[in-house]
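Hi,

Here is the model I promised to pass along.

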Amino acid sequence: MALLGHVVVRRPGEPEVFAETADLHERFCPGNPGWGHPPLEDDVRATDEGWGTVGDPGGLFGPATVRWYPTVQWFDGDGFADHLRSLSLYRALGLEVREPLLDAVAERIRTGMGDRVARRYLSVLRVGRRTDG
């Protein structure tokens, strides 16, 4: 059995989009429990948090083999806003909140971040072989 998960992560000392736009998120949609800084990449590698704990397979599978795959996507301001429009956290916002927020995020990226931001992901693959038992 193979389980694949993806987590948005950040690296220490590297500008991260949410950190640079947290004030905008709070201004347009204060107190949203979904807002928050992505975890550090090294912290995700050290735990199951962020993509779900794999429970006891009940003797059906042997020990899992784990592989990590870091990837990065680069966006300009408009592209990042379009990316956020595809995420359920933003789609759940009313149009009257979502669009002004995303317009402000795009503008911040254009004017304050050189119109180029990274979105880092850490994909994890766990593979377990079925036992004979």
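**What I found**

(Helices here are DSSP runs of H or I with at least four residues, strands are runs of E with at least two, and both are numbered from the N terminus.) Glu96 is exposed, with a relative accessible area of 62%. On that scale buried means under 20% relative accessible area, exposed over 50%, and partly exposed in between, using a 1.4 Å probe and protein chains only.

Some housekeeping before the rest. This is a predicted model, so local features need pLDDT of at least 70 and side-chain atom pairs count only at pLDDT 80 or more, while totals for chains, interfaces and linings use all residues. Residues are numbered from 1 along each chain as its sequence is written, and side-chain values use heavy atoms, with hydrogens and water left out.

**The overall picture**

The protein has five helices and three strands, and along the sequence they follow the pattern β-α-α-β-α-α-α-β. Its radius of gyration is 18 Å, whereas a compact globule of 133 residues would be near 14 Å. (That radius is taken over C-alpha atoms, and the globule rule is 2.2 Å times the number of residues to the power 0.38.) Along the principal axes, the C-alpha atoms fill a box of roughly 60 × 30 × 20 Å. Buried residues make up 32% of the 133.

**The sheet**

The three strands form an open antiparallel sheet in the order β1-β3-β2; strands pair if DSSP finds at least two bridges between them. β1 and β2 stand at the edges with a single partner strand each, so one side of each has no neighbour in the sheet. From one strand to the next, the twist averages 20°.

Strand β3 (residues 117–127) is mostly covered, with nine of its 11 residues buried. Eight bridges join β3 to strand β1 (residues 2–9), and one of the pairs is Val9 with Arg120 of β3. With strand β2 (residues 65–75), β3 pairs over 11 bridges; among the partners are Thr71 with Tyr121 and Val66 with Arg126.

**What packs on α5**

Helix α1 (residues 17–28) and helix α5 (residues 95–112) have axes that come within 10 Å and cross at roughly 145°. (Axes are lines fitted to C-alpha atoms, for helices over the stretch in contact, and angles run from 0 to 180 degrees between N-to-C directions.) The contact, meaning heavy atoms within 4.5 Å, includes Val17, Leu24 and Phe28 of α1 and Val97, Leu101 and Ile109 of α5. Its residues divide into nine nonpolar, two polar and three charged.

Helix α3 (residues 77–85) packs against α5 as well, at about 145° with the axes 8 Å apart. Here the contact residues include Phe80, Ala81 and Leu84 of α3 and Leu102, Val105 and Ala106 of α5. They divide into seven nonpolar, one polar and five charged. For these classes, Ala, Val, Leu, Ile, Met, Phe, Trp, Tyr, Cys and Pro count as nonpolar, Asp, Glu, Lys and Arg as charged, and the others, Gly among them, as polar.

Cheers
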